[in-house]
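Here is a short report on one protein model. Keep the sequence and the 3D view open while reading.

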Amino acid sequence: MSEDKDRASLAELDRKLAAVAGRREEKHGPVSGGRKSSSAGMALGMRISAEMIASTVVGLLIGWGLDRFFNTMPLLLVLFVILGAGAGGLNAYRAAKGYDSAIGLGRAMGKPKQGDKE
């Protein structure tokens, strides 16, 4: 008998919690759990690191190619690595601040710019 009462009270508690969670979700939107917000931060971090690495490697390859073509071995390589790292830093800053949707593909797809009123 006691076990049936416990199961009934647990079932009742479960129904009440589901009702409260449903009302909270209607009022405040879906609850962002640690896993969801953590994965969003991880995705942004991976994107920023990919921007930095890719732009530096592209700068390195362009500098190396131009140095081989003009036979000025370290000069253009160093210059384009610095330019590539700077471009990667700028792209990382734009991604972190949310400015990346204000230009380029984000703007073409109709995403509002940061600061625009909707």
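## Exposure and the aromatic pair

A residue counts as exposed when its relative accessible area is over 50%, as buried when that area is under 20%, and as partly exposed in between. The model discussed here is predicted. Phe-69 has a relative accessible area of 64%, so Phe-69 is exposed.

How many aromatic pairs are there? The count comes to one. Phe-69 and Phe-70 form this pair.

## Overall fold

The protein has four helices and zero strands. Along the sequence the pattern reads α-α-α-α. There are 118 residues in the protein, and 11% of them are buried.

The accessible surface comes to about 9,500 Å². Carbon and sulfur atoms account for 64% of that surface. Now take contacts between residues at least 6 apart in sequence: 36% of these join residues at least 24 apart.

## Helix α1

Helix α1 covers residues 2–28. At 1.5 Å a residue, its 27 residues should span 39 Å. The end C-alpha atoms of α1 are 38 Å apart, which agrees. How many residues of α1 are buried? The count is zero, and α1 is hardly covered.

The side chains of Glu-12 and Arg-15 meet at 2.7 Å, N to O. Why can these two meet? Glu-12 and Arg-15 are three residues apart in α1, so about one helical turn separates them. An α-helix has 3.6 residues a turn, so residues three or four places apart point the same way. Glu-12 itself is partly exposed, because its relative accessible area is 33%.

## Helix α2

Helix α2 runs over residues 34–70. The structure holds two salt bridges, and one of them joins Arg-47 to Glu-51. Their closest N and O atoms are 3.7 Å apart. The cut-off for a salt bridge is 4 Å, so a distance of 3.7 Å qualifies. Arg-47 and Glu-51 are four residues apart in α2, so the separation is again about one helical turn. Side chains of opposite charge can pair when their charged atoms come close. Are the two partners buried or partly exposed? Arg-47 is partly exposed at 37% relative accessibility. Glu-51 is partly exposed too, with a relative accessible area of 23%.

Which residues make the nonpolar surface patch of about 430 Å²? Met-52, Ile-53, Val-57, Leu-60 and Leu-61 do. Ile-53 lies in α2. Its relative accessible area is 57%, so Ile-53 is exposed. A patch residue needs over 30% relative accessible area, so Ile-53 passes that cut-off.

Asn-71 lies in the loop between α2 and α3. Its phi is positive, about 60°, although Asn-71 is not a glycine. Is Asn-71 buried or exposed? Asn-71 has a relative accessible area of 70%, so it is exposed.

## Helix α3 and its end

Helix α3 spans residues 73–97 and has 25 residues. From first C-alpha to last, α3 reaches 37 Å. This is close to the 36 Å expected at 1.5 Å a residue. Which residues of α3 are buried? They are Leu-76, Gly-84, Gly-88, Ala-92 and Ala-95. Just after α3, Gly-98 takes a positive phi of about 90°.

## A link across the sequence

Gly-45 lies in helix α2. At 38% relative accessibility, Gly-45 counts as partly exposed. Gly-45 and Ala-96 are 51 residues apart in sequence. In space, their C-alpha atoms are 8.8 Å apart.

Key: Residues are numbered from 1 along each chain as its sequence is written. This is a predicted model: local features need pLDDT of at least 70, side-chain atom pairs count only at pLDDT 80 or more; totals for chains, interfaces and linings use all residues. Side-chain values use heavy atoms; hydrogens and water are left out. Patches are made of residues with over 30% relative accessible area and no salt bridge: like charges are joined within 9 Å, nonpolar side chains (Val, Leu, Ile, Met, Phe, Trp, Tyr) within 5 Å. Accessible areas come from the Shrake-Rupley method with a 1.4 Å probe; for residues, only the protein chains shown count as cover. Helices (H or I, at least four residues) and strands (E, at least two) are DSSP runs, numbered from the N terminus. Buried means under 20% relative accessible area, exposed over 50%, partly exposed in between (1.4 Å probe, protein chains only). Contact means heavy atoms within 4.5 Å. The expected span of a helix is 1.5 Å times one less than its number of residues. Rings of Phe, Tyr and Trp (its six-membered ring) pair if their centres lie within 6.5 Å; planes under 30 degrees apart count as stacked, over 60 as edge-to-face and the rest as tilted.
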